[in-house]
Amino acid sequence: MSKKDDDDLRIRIGNMMAEGLKTLTEPFPEDNHQFELVLRELRDIDDNDLEQKLVVSGFVDKPYGEEEQRCLECMYYLVHRKWCDLPELAVPVEAEWWCRLWRI
Ligand code: SF4
């Protein structure tokens with residue numbers, strides 16, 4: 001994908017959340033097993049079904065929880081590309097967003 005494609009898709013995702021997309025922010029996976037269950041669910045989603053991917057991963061467009069977790073500190077965030085590098089997601093993101101697959 002070109003940078004423009006990334007930028008367009010990031011805007012589209014941002015708009016979906018701004019329009020009130022309800023996503024599964026809970027339960028937060030507490031261990032590797034629960035994390036893997038969410039990943040498995042994501043792998044079963046059609047690659048073109050962006051909305052369902054966002055729903056299952058619990059995307060939100062702001063820092064989350066008391067600790068204000070964000071993509072910026074997540075191990076999957078590529079800062080220069082503003083990209084989520086978790087293979088099951090692989091989408092452009094903003095540093096201030098979050099999803100329940102957040103990990104450091
Ligand atoms: S896994 Fe979630 S929190 Fe981490 S970079 Fe991707 S979208 Fe952001």
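These legends describe close-up views of one predicted model. Residues are numbered from 1 along each chain as its sequence is written. Because the model is predicted, local features need pLDDT of at least 70 and side-chain atom pairs count only at pLDDT 80 or more, while totals for chains, interfaces and linings use all residues.

View 1. Helices (H or I, at least four residues) and strands (E, at least two) are DSSP runs, numbered from the N terminus. Their order from the N terminus is α-α-α-β-β-β. Along the principal axes, the C-alpha atoms fill a box of roughly 35 × 30 × 25 Å. Of the 104 residues, 21% count as buried. Buried means 20 or more other C-beta atoms within 10 Å of a residue's own; exposed means 12 or fewer; partly exposed lies in between; the C-beta atoms are placed from the backbone.

**View 2. Helix 1 covers residues 3-18.** Helix 1 has 16 residues and reaches 22 Å from its first C-alpha to its last. That is close to the 22 Å expected at 1.5 Å a residue. The expected span is 1.5 Å times one less than the number of residues. Just after helix 1, G20 takes a positive phi of about 100°.

**View 3. Helix 2 covers residues 32-43.** Its twelve residues should span 16 Å at 1.5 Å a residue, and its end C-alpha atoms are 16 Å apart, which agrees. Helix 2 is hardly covered: one of its twelve residues is buried.

**View 4. The largest nonpolar core has 16 residues.** Such a core is a set of buried Ala, Val, Leu, Ile, Met, Phe, Trp, Tyr and Cys residues joined through C-beta atoms within 7 Å. C71 and V93 touch the most other members. V93 touches R10, C71, Y77, K82, W83 and C84, leaving aside residues up to four places away in sequence. Touching means that C-beta atoms, placed from the backbone, lie within 7 Å.

**View 5. The ligand is surrounded by 13 residues.** The closest are C71, C74, C84, C99 and W102. The shell divides into 13 nonpolar, no polar and no charged residues. Here Ala, Val, Leu, Ile, Met, Phe, Trp, Tyr, Cys and Pro count as nonpolar, Asp, Glu, Lys and Arg as charged, and the others, Gly among them, as polar.

**View 6. R81 sits in the loop between strand 1 (77-78) and strand 2 (83-84).** R81 is partly exposed, because 13 other C-beta atoms lie within 10 Å. R81 and P92 are eleven residues apart in sequence and 7.7 Å apart in space, C-alpha to C-alpha.

Terms used: Contact = placed C-beta atoms within 7 Å. Near = placed C-beta within 6 Å.
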